[in-house]
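Hi,

Here is the structure I promised to pass on.

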Amino acid sequence: MRLPPAAAAEVVSPAPPARRRGAGLLATLLVATLVAPPAPAGDDFEQAPIRYSATAPDNTVSRLQERLDAGAEPLAWEEGTGWLASVLAALEVPVSSQTLVFSKTSLQQARIGPRNPRALYFNDDVYVGYVRGGDVVELSVADPLLGTVFYTLDQSPSAAPRFARRTEDCLLCHGGSQTRGVPGHVIRSVYPAASGQPIFSAGSHRVDDATPLADRWGGWYVTGRHGGQRHLGNVTYAARPADAAAIDPAGQNVGDLGGRFGDSGYLAAASDLVALSVLAHQASAHNVLTRAGFDVRTALHREAALNRDLGQPASQRWPSTDTVLDASAAALVDCFLFRHEAPLTEGIEGTTGFAAEFAARAPRDAAGRSLKDLDLSRRLLRHPCSHLVHSASFAALPPELHERFWARMDAVLAPGAPAEGFAHLSADDRRAIRGILAATVPGAPPAWRADAAPGAE
């Protein structure tokens, strides 16, 4: 099944091999050699140490279910939208994060189209999908150890609502090459026909923060201002346009979706451009976090087994494990520091309170700075470092990976000339990021604390 948000990340890390199908969900990797433990193959998350489907989740949604089972936090059913509003409130997902996608690219695609878009809502670790008149509310959540975990909640009144975990059916689309070979998200920009069905011959675009605005949001509604920049949203197509000038201008700089589908049965009438922009980064960054965690945990697991089998000290480090650690740390740093972010050529603004709500929910240093301070004039963030460094998923990464990550961050954020590939970060950017991280993230290099003092920027 395709759960919200549909997302895919292009990051600098080893590409996973093609998914193999056979008995069971996944095939096993090659047997360890006596030379060194092999690097993780990318999709072996049903085997030790991950055991994705067999492991009980521990995340925001599973803990809500525990409270429901204990009678500590009942959900409220509402006519029209069912459990939606109550679920969002219980999970602290803001209504202002609503984005609307009308392409037929999800589990409930038969109900979805330009006249009945699917609404997506999100916070830092939970994504909620809703279709007006649909059978279920769809949820995906960043589980610190399992990556993305998928759930559905039946849209029918019940004294005991239950989030049902979905595994194998979701992994058909959300556990392969489009998600870096891990359970993750897929965001697509397509060329939808009038029915909402993608025109497959026209192709599509993966969407993350590296995707130019001109290639984003085909099949989505978009509300907000973006000047002379173009995107693919708000309209349907007969074929792929030959150039930007061929895109219907009625889809650009849209402030009101009134009359396009009728907003009864929705919590809001907007699909905020700033929320969409945060979504593009965050969903792919969750995939990068999961890929790094799985790779390193698998490499360490195999290294421990090999050391045990060969009678080596438990501390024996194999070169292949070092390779996985270095590659995973580099992928995280590239993603978190927006190395490949597509620049804005003009400012953007949304139509809801999302920007203010997003910025308000952030730890700040003594100078009042946070990683959720938005720029929106030339790039997404004022201080280009992902807010997911504050997430439980990041905190749960193996200590060995944390060590390599911070060493790599220290090298990239050092004073002086920018590191190769990071010329987009000015000296002031690097100093501000060091200061915010030193003040708000345990494990950041202590030497950065001087940059966290008031007036350091």
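Let me begin with a hairpin: three residues link β4 to β5. Strands here are DSSP runs of E with at least two residues, helices are runs of H or I with at least four, and both are numbered from the N terminus.

Before going further, some housekeeping. This is a predicted model, in which local features need pLDDT of at least 70 and side-chain atom pairs count only at pLDDT 80 or more, while totals for chains, interfaces and linings use all residues. Residues are numbered from 1 along each chain as its sequence is written, and side-chain values use heavy atoms, with hydrogens and water left out.

**The strands around β5**

Strand β4 covers residues 136-143 and runs antiparallel to β5, with eight bridges between them (two strands pair if DSSP finds at least two bridges between them). Within that pairing, Glu138 faces Thr152 of β5.

Why is β5 largely enclosed by the rest of the structure? Because seven of the eight residues in this strand (147-154) are buried. Buried means under 20% relative accessible area, exposed over 50% and partly exposed in between, using a 1.4 Å probe and protein chains only.

**The strands around β2**

Strand β2 (residues 118-122) is mostly covered, with five of its five residues buried. Which residues sit on each face? Arg118, Leu120 and Phe122 are on one side, Ala119 and Tyr121 on the other, and all are buried.

Strand β1 (residues 99-101) runs antiparallel to β2 and is joined to it by three bridges; Thr99 has Leu120 as its bridge partner in β2. Strand β3 (residues 126-131) also pairs with β2 in the antiparallel sense, over five bridges, and Arg118 is partnered there by Val131. β2 and β3 make a hairpin with three residues between them.

I used a 1 Å grid over the protein atoms alone: a cavity is a set of points where a 1.4 Å probe fits but cannot get out, a pocket is an open set with protein on both sides within 12 Å along at least five of seven lines, and lining residues have an atom within 4 Å of a point. Grid points are joined across faces, edges and corners, and a volume is the space filled by probe spheres set on the points.

How many cavities of 30 Å³ or more are there? The count is six. The largest cavity holds about 110 Å³. It has 15 lining residues, with Asp143, Pro144, Gly147, Leu289 and Thr290 the closest to its centre. β4, β5 and α4 (273-310) each give two or more residues to that lining, and α4 has the largest share with six. By class, this lining has seven nonpolar, six polar and two charged residues; Ala, Val, Leu, Ile, Met, Phe, Trp, Tyr, Cys and Pro count as nonpolar, Asp, Glu, Lys and Arg as charged, and the others, Gly among them, as polar.

**The largest pocket**

The largest pocket has a volume of about 420 Å³. Of its 27 lining residues, Glu92, Asn123, Asp124, Asp125 and Lys372 lie nearest the centre. The elements giving two or more residues to this lining are α1 (60-69), α2 (84-91), β4, α6 (354-360) and α7 (392-395), and α6 supplies the largest share, three residues. By class, the lining of this pocket has 11 nonpolar, eight polar and eight charged residues.

Cheers
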